[in-house]
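Visitor: Hi, could you walk me through this one? I'd like to start with the overall layout.

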Amino acid sequence: MSQEAKSSACLALADGSVFFGSAFGATGEVTGEVVFNTSMTGYGEILTDPSYCGQIVTMTYPLIGNYGINFEDVESKGPRLRAFVVRELCRAPSNFRSELSLDDYLRKAGIIGLEGIDTRSLVRRLRSRGAVTGVLSTVDLDPQSLIAKAQAAPSIVGQDLVQEVMPAASFSWTEKLGNFATLAPQDSQPTRYHVVAIDYGMKWNILRHLTQVGCRVTVVPGTSTAAEILALQPDGVFLSNGPGDPEPLTYAIRTIRELLGKLPIFGICLGHQLLGLAAGARTFKLKFGHRGANQPVMNLRNSKVEITSQNHGFAIDALSLPANIEVTHRNLNDQTIEGMRLTDQPAFSVQYHPEAAAGPHDSAYLFEEFCSLMDLSAEKTKA
Ligand SMILES: NC(=O)CC[C@H](N)C(=O)O
């Protein structure tokens, strides 16, 4: 345990609640939507999931940081969330893969951490009142001033956060699943398909799964047009996860609408929501969202329950579905839509994260289903 004096930090919510604790990581002041994640492990993957852009993430598990950080498990170039809140930070990590402590990692990345607050009280508040905007500061510790700042901060609804995290240019991806993905259900397949992955803030384990099942992947920025994507002559298009509200992303919805019916399409999370919007459905904001590695989902086609990894605050509205959308998966906690397919076009998607990272591997079969859809479409073209 470090003997350094801890400096104070304060988290204030727009509803007037205030939490005083100790600062770790970087110093400064940030605003964001305050959300919680129920995973017991996987903080390295959570910190680097670009879908958390714009959010202050609280872990419900009470001890975080005990296995340090390693750069094999990260899901993007670096943390994209606004701030990280834990009950107790472990300052002396112990794991053979650890390269640095969570405290040092966040300090170097410029991300503010808050420890030592009653995270159960914060999470109960978020569950009963819904996700709320907050301000975390190490420089202003005046509750009234911070509450006023939280109340003046913009809501995540209506913002385009994709352009903050998507890549500036296209690139190729070749890395397969790593040595520690021992639960990967399939051996590595020879390369058979060319997939264009539209990157709205993609988690890298999705790319590792795609290459693992035999895809050569070209990653393109989320603002790419249908003409640019078709010019790459892919066998299929993948729509990635990403941050924020899907509805303002009109350029992405237009591109997907233009691609529909031309190529097999597979979407995850934000990609699922955008596919739904392109097909004519609507999305809505969930009260406090689903974030964790323990969410039960029913696959309605075979009645099997998958335990899934999730991170989303929006969902497709079941009352808005056009006739050609079939719901394929449902969340067993709140019955919201977790998966769908188009009945008249080769396109399907899931709201949850079959690539796990972190989380259970129950749903990795979906990457193979995408390959089957590409096989089917190639056969149809030949016939
Ligand atoms: N992980 C994701 O892609 C999240 C999708 C979207 N930003 C949401 O919060 O619902």
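Guide: Here is a short chat about the domains and the annotated site.
Guide: This is a predicted model, where local features need pLDDT of at least 70, side-chain atom pairs count only at pLDDT 80 or more, and totals for chains, interfaces and linings use all residues. Residues are numbered from 1 along each chain as its sequence is written.

Visitor: OK, which domains does the chain have?
Guide: Domain 1 (8-152) and domain 2 (162-382), with bounds from an automatic or database domain assignment.

Visitor: How many residues of domain 1 are in contact with domain 2?
Guide: 22 residues of domain 1, against 25 residues of domain 2. Contact means that C-beta atoms, placed from the backbone, lie within 7 Å.

Visitor: Switching topic, where does UniProt put the "active site"?
Guide: The unreviewed UniProt entry places it at Cys269, His353 and Glu355. UniProt positions are in the numbering used here, feature names are shortened, and annotations may be inferred rather than shown by experiment.

Visitor: And why do they gather at one spot?
Guide: They span 87 residues in sequence, but no two of their C-alpha atoms are more than 11.2 Å apart, so they come together in one place.

Visitor: Is Cys269 buried or exposed?
Guide: Buried, with 30 C-beta neighbours inside 10 Å. The cut-offs are 20 or more other C-beta atoms within 10 Å for buried, 12 or fewer for exposed, and partly exposed in between, with C-beta atoms placed from the backbone.

Visitor: What does Glu355 touch?
Guide: Lys203, Asn205, Ile206 and His209, not counting residues up to four places away in sequence. Glu355 is buried too, with 29 other C-beta atoms within 10 Å.

Notes. Contact = placed C-beta atoms within 7 Å.
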